[in-house]
Amino acid sequence: MWSSPFITTPSSVSQIMLRVLIALIPGIAFYVWYFGPAILVSITLASITALATEALMLKLRNRPLKPFLSDNSALITAWLLALSIPALAPWWLVVVGTAFGIVVAKHLYGGLGNNVFNPAMVGYAVLIISFPLHMTHWITPNLLGGTELSFAGQLNYIFYGVLPGGMTLDAVTMATPLDTLKTQLHLGLQVSDIRDMPIYGRLAGKGSEMVAIGFAIGGIYLVFARVVNWLIPAVYLGTLFVVAGIFHLADPVHYVTPLFHWFAGAAMLGAFFIFTDPVGGSTTFRGRIFYAAGAALITFLIRTFGSFPDGVAFAALLMNICVPLIDIWTQPKVFGKKGGGK
C-alpha cells in the first residue's frame, strides 16, 4: 500500500546540481587512489575560477549574485572540465578553460538555461585545440610502479612547471589508453599485442578503468534518484556497444571490444554527466534516442578514425548543434489534432 502524501515538492536547481556533484565523488575517489591528489588541485582551481567568473558576469549583467552562485551550476562546469583534462595541467590552463566556458559558452548565451553548448565541453575543446601539448601529460597510474611524483612534486609542477631534480616529465606521465591504442595500431601492431602492454588492465587502462567504474556508480545513483533520465545513458552505451561490437566481430585484429570503449576515456563520464545535461540535450522521448545514438556514433568514429584519441567532448558539442532540429522532427502529435504537433 502506498501512503500519503502523494504530492511532493520538486527539487530545486541547487539540490539537483548538488546530487550531481555528489555522484561524481566515487570517480574522483578512484582517481585520487590510482593517480594521486593532483586532480583535487585542478578541481579546486576550476571551482574558484568558475565562481569568481560567474560572479563577475552576473555583476556585469546586473543580476543578483546569491541565487545564481548558490545553484551549483558553475561548480558542475568546473568539476567536469577538471576531470576532462590532465591532472598535471598548469594552473593557468585550468583557469583559462573554466573562464572561457563560463563567460562564452554560458553567459554570452544568456546564462543557465539559455546556453546552446555544454560550457565544460566548450572549455575542453578550446584547450585541446589551443594547447594540444599540455593536454597530453596524463599522470602514470600508481599500479605501473616506476617513478611516482609526490603530492608536493605535483603541486610544484602545476604552479611552477618544475619537477624534482633529475626527474623528467616523460617519467611521470604517459599517453592515455585510447591514444596508445591508436598510435600502436597505426604502427601496424595488432589489438592482441597492444592489449598485453602494461598500461592495460582487464577492461581498459589500469587505474582509468576503475575511475570509469566510479563514474558509472555515481551515474546509476543519479538514474535511481531520478536526477537524470535513464534513456540517454542507456541508448548511448548501448549504441556504442553495438557499433564497437560489429567492428570487433568483423575484424578483431584491428578493433577492440565494446567493453574497452565503455571503460576507456570519458565514455562513462559522458553517458551519465555530460550528455544528460538538460539544457543542451533533447527534450522529447524519440529525440533523446536520436541524440544519444548520434553521440555514441560520433564518439566511436572519432576514437577509431579521427585525429583525437577520445571523441566524447566533440560528440557532445556536435549533437548540441543538432538538438533544435531533432526536437522539431520528434515533437509528439497534439492530442485531437491530425497531421502532427505544429
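1. Ground rules. Residues are numbered from 1 along each chain as its sequence is written, and side-chain values use heavy atoms, with hydrogens and water left out. The model is predicted: local features need pLDDT of at least 70 and side-chain atom pairs count only at pLDDT 80 or more, while totals for chains, interfaces and linings use all residues.

2. The largest pocket. It holds about 710 Å³ of space. A pocket here is an open set of points on a 1 Å grid over the protein atoms alone, where a 1.4 Å probe fits, with protein on both sides within 12 Å along at least five of seven lines. Its volume is the space filled by probe spheres set on the points, and grid points are joined across faces, edges and corners. The lining counts 34 residues; a lining residue has an atom within 4 Å of a point. Ser84, Trp138, Thr176, Gly265 and Asp310 lie nearest the centre.

3. What builds that lining. Helices H1 (13-35), H4 (73-84), H6 (119-130), H9 (177-186), H11 (208-224), H14 (267-274) and H16 (312-329) each supply at least two residues, as does strand S1 (138-139). Helices (H or I, at least four residues) and strands (E, at least two) are DSSP runs, numbered from the N terminus. H11 gives the largest share, 4 residues. By class, the lining has 26 nonpolar, 6 polar and 2 charged residues. Ala, Val, Leu, Ile, Met, Phe, Trp, Tyr, Cys and Pro count as nonpolar; Asp, Glu, Lys and Arg count as charged; the others, Gly among them, count as polar.

4. The second largest pocket. About 600 Å³ of space lies here. It is lined by 27 residues, with Met17, Thr276, Asp277, Pro278 and Val279 nearest the centre. H1, H4 and H14 each give two or more residues to this lining. The classes are 15 nonpolar, 9 polar and 3 charged.

5. Asp310. This residue is among those nearest the centre of the largest pocket. It sits in the loop between helix H15 (285-305) and H16. Asp310 counts as buried because its relative accessibility is 15% (buried is under 20% relative accessible area, exposed over 50%, partly exposed in between, with a 1.4 Å probe and protein chains only). Its side chain makes a polar contact of 2.8 Å with the side chain of Arg303. A polar atom of the Asp310 side chain also lies 2.8 Å from the backbone nitrogen of Ala266. A polar contact is a pair of N or O atoms within 3.5 Å; within protein, one must be able to donate a hydrogen and the other to accept it, and residues adjacent in sequence count only if both atoms are side-chain atoms. Beyond four places in sequence, Asp310 touches Leu178, Gly265, Ala266, Thr299, Ile302 and Arg303. Contact means heavy atoms within 4.5 Å.

6. Helix H4. H4 contributes to the linings of both the largest pocket and the second largest pocket. It has 12 residues and reaches 17 Å from first C-alpha to last, close to the 16 Å expected at 1.5 Å a residue. That expected span is 1.5 Å times one less than the number of residues. H4 is largely enclosed by the rest of the structure, because 12 of its 12 residues are buried. Among them are Trp79 and Ser84.

7. Leu127. This residue is in H6. Setting aside neighbours within four places in sequence, Leu127 is in contact with Leu81, Ile85, Leu93, Val96, Gly97, Pro132 and Met135. Its C-alpha is 9.8 Å from that of Thr98, 29 residues apart along the chain.

8. Thr53. It lies in helix H2 (residues 38-60) and is buried, with a relative accessible area of 9%. A polar atom of its side chain lies 2.6 Å from the backbone oxygen of Thr49. Leaving aside neighbours within four places, Thr53 contacts Ala99, Ile102 and Val103.

9. Two asparagines to check. Asn62 has a positive phi of about 55° although it is not a glycine. It is in the loop between H2 and helix H3 (65-69) and is exposed, at 71%. Asn72 has a positive phi of about 70° and is not a glycine either. Asn72 sits in the loop between H3 and H4 and is buried, at 15%.
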